[in-house]
Amino acid sequence: MNVFEKINENPIVAVIRKADENNIIPIVEALEKGGVKAIEITAETPKVTALIERTAEEFADRVLIGAGTVLDPETARSVIMAGAKFIVSPTLNPDTIRMANRYGILTISGALTPTEILTAYENGAGMVKVFPANAFGPDYIKNIHGPLPHIPLMVTGGITLENMNEYFTKGGVAVGIGSNLVNVKALNTPDDYRLLTDKARQFADKVNEIK
């Protein structure tokens, strides 16, 4: 099963911002226990390559470790060399897509308009991240999916337990969830990590309702 298939099978991608070497492993462990099997560590995080390398080694084939907020090909190459299995961008940068494809790494390129979405796909993005999705809502995904049904869409921005499945039923194949799932600043005690596992399980169980 390749990376695209793994995300399609486990379509919740947890977006982790501002983690550090002390909490990244407990965060991923808590998410894994809750059934979330794909993790995006954002590239503006200090020492991001070290965090990706450590988590990729620690979780191996159990959890997909990717890099998010990748804005340029130089950053893409550095996180790929560290072990990122997929690349996520908030914007469309064809050079970043080409760099990832050079190494056989799935690129989830950010886009919003139909033109941007098609351009990302035609430039080699394996999946397109519709962001910010909450600016338009689930019906926008349905409207995009109509004329562009062949383009796999990951929906990011304002995803909650209440609206997630509607995004799936309207045409999304995956969702990226940030602070509504992982709030790094709020993780200070063992109970906080148990609550994170519980929250991850709620999201995972919600997805299973429509599978």
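Let me start with a question: does Y140 count as buried or exposed? Keep in mind that this is a predicted model. Y140 has a relative accessibility of 16%. The cut-off for buried is under 20%. So Y140 counts as buried.

Now its ring. A search of the whole structure turns up 1 aromatic pair. The partners are F136 and Y140, and the pair is stacked. The ring centres are 4.7 Å apart, with 25° between the planes.

Another ring worth a look is F131. The charged end of K129 sits over that ring, 4.8 Å from its centre.

On to strand β1, residues 12-16. How many of its residues are buried? The count is 5 of the 5, so β1 is largely enclosed by the rest of the structure. Look at the two faces. I12, A14 and I16 point one way. V13 and V15 point the other way. Buried, all of them.

What does β1 pair with? One partner is strand β8, residues 174-177. That pairing is parallel, over 3 bridges. Here I12 stands opposite V175.

Another partner is strand β2, residues 38-42. Again the sense is parallel, with 4 bridges. In this case A14 stands opposite I39. To get from β1 to β2, the chain passes through helix α2, residues 24-33. This β-α-β crossover is right-handed.

To recap: F136 and Y140 stack, K129 sits over the ring of F131, and β1 is largely enclosed.

How values were computed:
Residues numbered from 1 in each chain as written. Predicted model: local features only at pLDDT ≥ 70, side-chain atom pairs only at ≥ 80, totals over all residues. Heavy atoms only, no water. Phe/Tyr/Trp six-rings, centres within 6.5 Å; stacked < 30°, edge-to-face > 60°. Buried < 20%, exposed > 50% of the residue type's maximum accessible area, 1.4 Å probe, protein only. Lys NZ or Arg CZ within 6 Å of the ring centre and 35° of its normal. Helix = DSSP H or I, 4+ residues; strand = E, 2+ residues; numbered from the N terminus. Pairing = 2+ DSSP bridges. Right-handed = clockwise from strand over helix to strand, strands pointing away.
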